[in-house]
Amino acid sequence: MATKNIMIVGVGGQGSLLASKLLGRLLVDEGYDVKVSEVHGMSQRGGSVVTYVKFGDKVYSPVIEEGEADFIVSFEKIEAARYIRDLKAGGTVIVNTQQIDPMPVIIGNAQYPSDILDEMKTKGVNVDAIDALSLATQAGSSKACNIVLMGRLAKYFDIPVEKWEAAVEKCVKPAFIEINKKAFDLGYNN
Amino acid sequence: MKELMIGNAALARGLYEAGCSVISSYPGTPSTEITEEFAKFDDTYCEWAPNEKVAAETAFGASLRGKRSACCMKHVGLNVAADPLFTMSYTGVNAGMIICVADDPGMHSSQNEQDSRHYAIAAKVPMLEPSDSQEALDFAKIAYEISEQFDTPVFIKMCTRVAHSQSIVEKGERTEFAKEYVKNPKKYIMAPANAIARHPFVEERTAKLTEYAETSPLNRIEEGSGEKDFGIITSSTSYQYVKEVFGGSVSVLKLGMVNPLPVKLIKEFAEKVGSVYVIEELDPIIETHCRNIGVDVQGKDKFSILGEFSQKTIADSFGLEKKPAVTLDTDIPVRPPMMCAGCPHRGMYYVLAKNKLTVLGDIGCYTLGSMPPLNALDMTLCMGASVSGLHGYNKAGKEETENKTVCVIGDSTFIHSGVTGLINIAYNQSNSTVIILDNSITGMTGHQQNPTTGLNVKGDPAGKVDLESLCRSVGINSVRVVDPYNLEECERVVKEELAKNEPSVIISRRPCVLLKYVKPKKPLHVNTDKCKGCKRCMKFGCPAISFRDGHAVVDNTLCIGCGVCAGLCPFEAFESEVE
């Protein structure tokens, strides 16, 4: 199988680590060669963060470059736009509609673009927008946005839902399994 | 069992399986997780040292006693450990010793882009360079064999993309290792007479290691299908990019040992493939070696000396077709990293910026105080430089600068190399005010314990440096402690200490809000009837506060209820949630 590329993007502190852990676990269990790459340190402090997940028969480079991503899963609205050049032609963006103002917007040096998802659509991008924050809150924790988005991503894969749920169970602490399974279902079914 | 591991975890696993018994390190991105992962093993010793020099010497001591050891650091940490390094090359080792060093091309979390391979060459120490997690694990074992066989410390060089990329690893079992210590002054006492006798050994060792490099499986030729009329010499993560771009269509000489470099193997490869490209990140080390041995190659004229590579940078250099990509017309505002909501550093920075002080900074989360809207910093150089730099600044500026200049340095950085600068301030009496931003943890690298926290690398109780006593004992008579959430207190104490005609230390103490034991309070909210839209709170630079429809708004997913903003607002518009 040719390598498939998934980017997980968002704001430092939003929980992309758990999402990539879940995907890595699932895909290794499915028998693929897998590479997951992220940057630690300075950029994690509220900055724009990106994680690359690649899987296939044999994966070499750990990073995803311009025009290569099959999926961009974005935890925040404009972060999807920031990395849009990395999307493959015909690729899909799954985006949480949550808005988190970056510092230049907070201090009035820049505007938060209001209709960025529409612009993506007019450029031919498949945009799957989802209010993951509301669904996560509904599931029992606003922190479960990451798993809501993984639930939505699962719709695009042939891997049975039970296997995704099994990976969720392996990746979260026992006390949070129920909330996260609910979050996953809400993402998958809404 | 196969599992995904970041390169650093795999390297830790390799050290463990090879029987490494002692690791001493100082944290630094992207090297930190090697030590953190090793600390999870029960039957070994692991520690955070105050700095990389201490770590390297500790590892050396363990090797001398007959146990396999390692020390881990980032590239700039190797500068600190350089002093023991150059002479350890002369003494060699007893049991094997590995120095793990992680470079940061692209400077994701570093102040420069130096190439650690220069140290391997300069100190005449062999260096291995894995290209993924499995190699990181395997190379650790080989490195110990090389260390003992050739009587030398050995480098394992990581880079960000190998250190922090997860790939599949097959784990093995641990093999214990121990040797006797036998007194040997000619080998271990590097006084001139012994060192003079030892230097020829170092040169002979390099010659033998070069022979080893010719045939070692660390270096391998991967024959291409012959479609291309050129070959590529590469190593580390660049190898992965080359394979991604060319697959099996091109012949590759993959170097796992980057010092010393082979001669015959490179000549043999060059003869086979016709023209040769050298693809290596940062400096032209392999390229220069090829030229020195008479092999004509193309390198930095085609592939940048700056930053990281990727499959794209390499494909572009070869003029390959670009992949179609979407571009948007709208400008996306940048999202730089910043201090967290509730960060205790912010209060002190607000006071320093408000009073328009010159602030010499240091290395840590608090470097982010340089960002808008606080713009609170004037200088950041290296670990500890804020303190010694302030001393020099005030010796040059005298009364023109002494009462309007301070330095800021974190607790861990102060112990690393700030305290020596403070001793200089006390000894040579500059009228300097040093602010220690004590958030009770090593923050930026992801919460490592340090000598001021009272806990060790495993989180168990440990010795604890008392910062106040330490500062007093080196000769600082005026040592004050403030709470950075109390802006009024901070401002008063800073002004008082600057006005004094003697050296002083202000300890700005409050734990990092990301620490588990720091329990967030309920988020504040803005009473829009009271908020006049004056934007004074916007100057504080808290990511939880933004401005919408003429009023300040608090993001309740980010706010931790520190309440400092409430003290800033002249209209008392920030209110606590009614319980």
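Modeller: Before you start, a salt bridge here is a side-chain nitrogen of Lys or Arg within 4 Å of a carboxyl oxygen of Asp or Glu. This is a predicted model: local features need pLDDT of at least 70, side-chain atom pairs count only at pLDDT 80 or more, and totals for chains, interfaces and linings use all residues. Residues are numbered from 1 along each chain as its sequence is written, chains are lettered from A and ligands numbered from 1 in the order in which they are written, and side-chain values use heavy atoms, with hydrogens and water left out.

Biologist: How many salt bridges are there between chain B and chain A?
Modeller: One of them ties B:Arg335 to A:Glu76, with the closest N and O atoms 3.1 Å apart. The count between the two chains, B and A, is seven salt bridges.

Biologist: What area is buried between chain B and chain A?
Modeller: Buried area is the accessible area (1.4 Å probe) that two parts lose on being put together, summed over both. Contact means heavy atoms within 4.5 Å, and 55 residues of chain B are in contact with 57 of chain A. Carbon and sulfur atoms give 61% of the buried area, which comes to about 5,100 Å².

Biologist: Which element gives the most to the side of chain B that touches chain A?
Modeller: Helices (H or I, at least four residues) and strands (E, at least two) are DSSP runs, numbered from the N terminus. On chain B, the elements that each supply at least two residues of the side touching chain A include β1 (2-6), β8 (165-170) and α11 (236-246). With five residues, the one giving the most is α11(B).

Biologist: Why does the salt bridge between B:Glu244 and A:Lys54 join two chains?
Modeller: Those side chains meet at 3.1 Å, N to O. For exposure, buried means under 20% relative accessible area, exposed over 50%, partly exposed in between (1.4 Å probe, protein chains only). B:Glu244 is partly exposed at 29%, while A:Lys54 is buried at 0%. The pair joins two chains because B:Glu244 lies in helix α11 of chain B and A:Lys54 in strand β3 (residues 48-56) of chain A.

Biologist: In β8(B), which residue is the bridge partner of A:Lys35?
Modeller: Two strands pair if DSSP finds at least two bridges between them. Strand β2 (residues 33-38) of chain A and β8(B) run antiparallel, joined by three bridges. The partner of A:Lys35 there is B:Ser167.

Biologist: Which strands stand at the edges of the open sheet of five strands in chain B?
Modeller: The order in that sheet is β9-β11-β10-β13-β14, with mixed pairing. Each edge strand has a single partner, so one side of each is left without a neighbour in the sheet; the two are β9 (219-222) and β14 (297-298) of chain B.

Biologist: And which residue in β11(B) stands opposite B:Asn219?
Modeller: β9(B) pairs with β11 (residues 251-255) of chain B in the antiparallel sense, over four bridges. Opposite B:Asn219 stands B:Leu255.

Biologist: Are A:Asp128 and A:Arg152 buried or exposed?
Modeller: They form a salt bridge, the closest N and O atoms being 2.5 Å apart. A:Asp128 sits in strand β6 (residues 126-130) of chain A and A:Arg152 in helix α6 (residues 145-154) of chain A, 24 residues apart. As for A:Asp128 and A:Arg152, both are buried.
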